[in-house]
Amino acid sequence: MNLRFRHIYVEKRILNNEYVKNILAKFPKAEIIEINHYKDRFNPYYQSFRAQKDAQSLILAKKDPPFIYEASELIQKLGVNFFYTTPMLNCIYDCHYCFLQGMYPSSNLVLFVNFNDFFKEVERVYENLGNLFLSISYDTDILAVENLFGVAKKWADFVKDKNIKLELRTKSVNIDFEYQENLVFAFSLSPETVIERYEKYTPKLKARIKAIKKVINKGFKPVIVFDPIIKLPNFKEVYKDFLQKVFSEINYKNIESIVYGTFRMNSTQFKIIKKQLLSDIYYYPYSVKNGIVEYEDKEEVIKFIENLLPDVKKIFV
Ligand code: SF4
């Protein structure tokens, strides 16, 4: 059972912020604890990421610079000015393969409320470059909590009439947005077996496909993401059925592109997570190249998947 947000930590300096007051009003039973700085609660190394995950606290905070980061490897692959920003740290979902487990000492959810500081900095970078591809769901699944916090809506309003593509990568089905040309929905899909085993708290495949169809009906051209591809013992059978199902339900001509990649992780994060989480994902035959752990037979897996993908723009990550 998930006992999420029974405790809410709030930085003293934002107690009078209207947005903060509105959020707190949504959790009348939560214990509110005032703190000086979110890092006092978030950073101590003695915490247990796993123990906190099923009883996540919420931390409301003000972010200090930097507000925007360049994703250099994606700039090369996608050929756009790819930047990401972090309006939230951590995620309400709990995927076994998630690198966040090895990145932060705490799994509590940090929500930054100084939106205008983010907007100002993004505006500055945007004016310099003339266009941007901006992900706001890079270290989190921002749409998973859209019904509670409305963060993506604020960003969607901010980018309206700007040459900024706003990427909303998600496993959620919270897609209640009016059509807007520069919103890029990127739906992560996995076979139902993978969802059940490794993507705790996320919506089922059927619900995600339904959400994709809905956004297509509104006029969006979503991106479909198959990443990470997990090499289950019977992975060929599972992924063949899965991809057939996906593209029998979704006409590939209605999607923008497919992003795909096999499970991989920075080796330091891999070691940290392997110690904390009992999951067979961390016990496959792996090789380490340039500090990245990846399947020994990655090329074979990719080749198999590529043969099953429809004729649409594909980006291997
Ligand atoms: S949805 Fe994404 S960010 Fe959230 S736990 Fe899963 S992999 Fe991590």
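Analyst: The answer below begins with the whole chain and then turns to the sheet and the core.

This is a predicted model, in which local features need pLDDT of at least 70 and side-chain atom pairs count only at pLDDT 80 or more, while totals for chains, interfaces and linings use all residues. Residues are numbered from 1 along each chain as its sequence is written.

The protein chain contains 12 helices and 18 strands, where helices (H or I, at least four residues) and strands (E, at least two) are DSSP runs numbered from the N terminus. Its C-alpha trace spans about 55 × 45 × 35 Å along the principal axes. Buried residues, those with 20 or more other C-beta atoms within 10 Å of their own, the C-beta atoms being placed from the backbone, make up 37% of the 317 residues.

The open sheet has five strands in the order 2-1-3-8-6, with mixed pairing, and two strands count as paired if DSSP finds at least two bridges between them. Strand 2 (31–35) and strand 6 (88–89) stand at the edges with a single partner strand each, so one side of each is left without a neighbour in the sheet. Further in, strand 1 (residues 7–11) and strand 3 (residues 58–61) pair in the parallel sense over three bridges, and Tyr9 has Ile59 of strand 3 as its bridge partner.

Ile59 also belongs to the largest nonpolar core, a set of 73 residues in which Ile59, Leu60, Val110 and Leu111 touch the most other members. Such a core is a set of buried Ala, Val, Leu, Ile, Met, Phe, Trp, Tyr and Cys residues joined through C-beta atoms within 7 Å. Strand 13 (residues 223–229) gives the most to this core, with five residues. In soluble globular proteins, nonpolar side chains tend to be buried together.

Val110 shows how these parts meet: leaving aside residues up to four places away in sequence, Val110 touches Tyr38, Phe42, Ile59, Ala61, Met88, Leu89 and Asn90, a contact being two residues whose C-beta atoms, placed from the backbone, lie within 7 Å. Across the protein chain, residues 24 or more positions apart account for 75% of the contacts with a separation of 6 or more.

Key
A residue is buried if 20 or more other C-beta atoms lie within 10 Å of its own, exposed if 12 or fewer, and partly exposed in between; C-beta atoms are placed from the backbone.
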